[in-house]
Amino acid sequence: MAAVGFFYPIAASATFTFVPSRQPVYPQADPVDYPWQLTAESAGGALYVQSKGARRRTFELQFERLAAADRNAALVFFDGVEKALKPFEYRDPDGGLHLVRWTNEFNIRQTANGRFSGSISLRRET
């Protein structure tokens, strides 16, 4: 099992990285594929759906009890990629590399004295 890591712009020539000292907690959510769809409902209750392109693959990572140094490194990385503005490479627990974007807000919060927990949501680029 490989260590989860985040590398900008890519792992082979990273300008900056974030490799947490603690891995995401289990059970880990499997990547979820789903199409991006527009939906609307008419006044009569009919549902209209329009599919707008390729399927998305997402990664949901939950971290618990990270050290302050890991939290700070994650924040530096978040600021460096400017949330979803810049794509970067993510190394999954199986060692696979994926070009992704960070899609949720930075929500790694202190949950115990000197320990931080939160989640990171990633969307794979197609």
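Where is Lys83 found? Lys83 is in the loop between α1 (68–81) and β5. The points below place this residue and several others in the wider structure.

1. Basis of the note. This is a predicted model, in which local features need pLDDT of at least 70 and side-chain atom pairs count only at pLDDT 80 or more, while totals for chains, interfaces and linings use all residues. Residues are numbered from 1 along each chain as its sequence is written, and side-chain values use heavy atoms, with hydrogens and water left out.

2. Overall architecture. The protein contains one helix and eight strands. Helices (H or I, at least four residues) and strands (E, at least two) are DSSP runs, numbered from the N terminus. Read from the N terminus, the order of elements is β-β-β-β-α-β-β-β-β. The C-alpha trace spans about 55 × 35 × 30 Å along its principal axes.

3. Of the 126 residues in the protein, 31% are buried. Buried means under 20% relative accessible area, exposed means over 50%, and partly exposed lies in between (1.4 Å probe, protein chains only). The accessible surface comes to about 7400 Å², and carbon and sulfur atoms account for 50% of this surface. Accessible areas come from the Shrake-Rupley method with a 1.4 Å probe; for residues, only the protein chains shown count as cover. A contact means heavy atoms within 4.5 Å. Among contacts between residues at least 6 apart in sequence, 58% join residues at least 24 apart.

4. Charges. There are 15 positive and 13 negative side chains, and the centres of the two sets lie 2 Å apart. Lys and Arg count as positive and Asp and Glu as negative, whereas His and the chain ends are not counted. The place of a charge is taken as NZ of Lys, CZ of Arg, CG of Asp or CD of Glu.

5. Salt bridges. Side chains of opposite charge can pair when their charged atoms come close. The structure holds two salt bridges, each defined as a side-chain nitrogen of Lys or Arg within 4 Å of a carboxyl oxygen of Asp or Glu. One of them links Glu82 and Lys86, at 3.2 Å from N to O. Glu82 is partly exposed, with a relative accessible area of 43%, and Lys86 is also partly exposed, at 24%. Another salt bridge joins Glu125 to Arg101, with the closest N and O atoms 3.0 Å apart. Glu125 lies in the segment after β8 (115–124) and Arg101 in strand β6, so this pair ties together parts that are 24 residues apart in sequence. Glu125 is partly exposed, with a relative accessible area of 24%, and Arg101 is partly exposed at 23%.

6. Asp92, a buried charge. Asp92 sits in the loop between β5 (88–91) and β6 (97–102). Asp92 is buried yet has no salt bridge, and the nearest side chain of opposite charge, that of Arg57, is 5.5 Å away. The side chain of Asp92 does reach the backbone nitrogen of Gly96, at 2.8 Å. This is a polar contact, a pair of N or O atoms within 3.5 Å; within protein, one must be able to donate a hydrogen and the other to accept it, and residues adjacent in sequence count only if both atoms are side-chain atoms. Leaving aside residues up to four places away in sequence, Asp92 touches Ala2, Val4 and His98.

7. Asn104, a buried polar contact site. Asn104 is placed in the loop between β6 and β7 (109–112), and Asn104 is buried, with a relative accessible area of 9%. The side chain of Asn104 reaches the backbone oxygen of Ser119 at 3.2 Å and the backbone nitrogen of Ser121 at 3.0 Å. Not counting residues up to four places away in sequence, Asn104 touches Phe78, Lys83, Ser119, Ile120 and Ser121.

8. Backbone geometry. Most residues other than glycine have a negative phi, and most peptide bonds are trans. Lys83 has a positive phi of about 60° although it is not a glycine, and Lys83 counts as partly exposed at 34% relative accessibility. Arg65, in strand β4 (residues 47–67), has a positive phi of about 55° and is likewise not a glycine. Arg65 is partly exposed, at 43% relative accessibility. A cis peptide bond joins Tyr8 and Pro9, with omega about -5°. Pro9 lies in the loop between β1 (5–8) and β2 (16–18).
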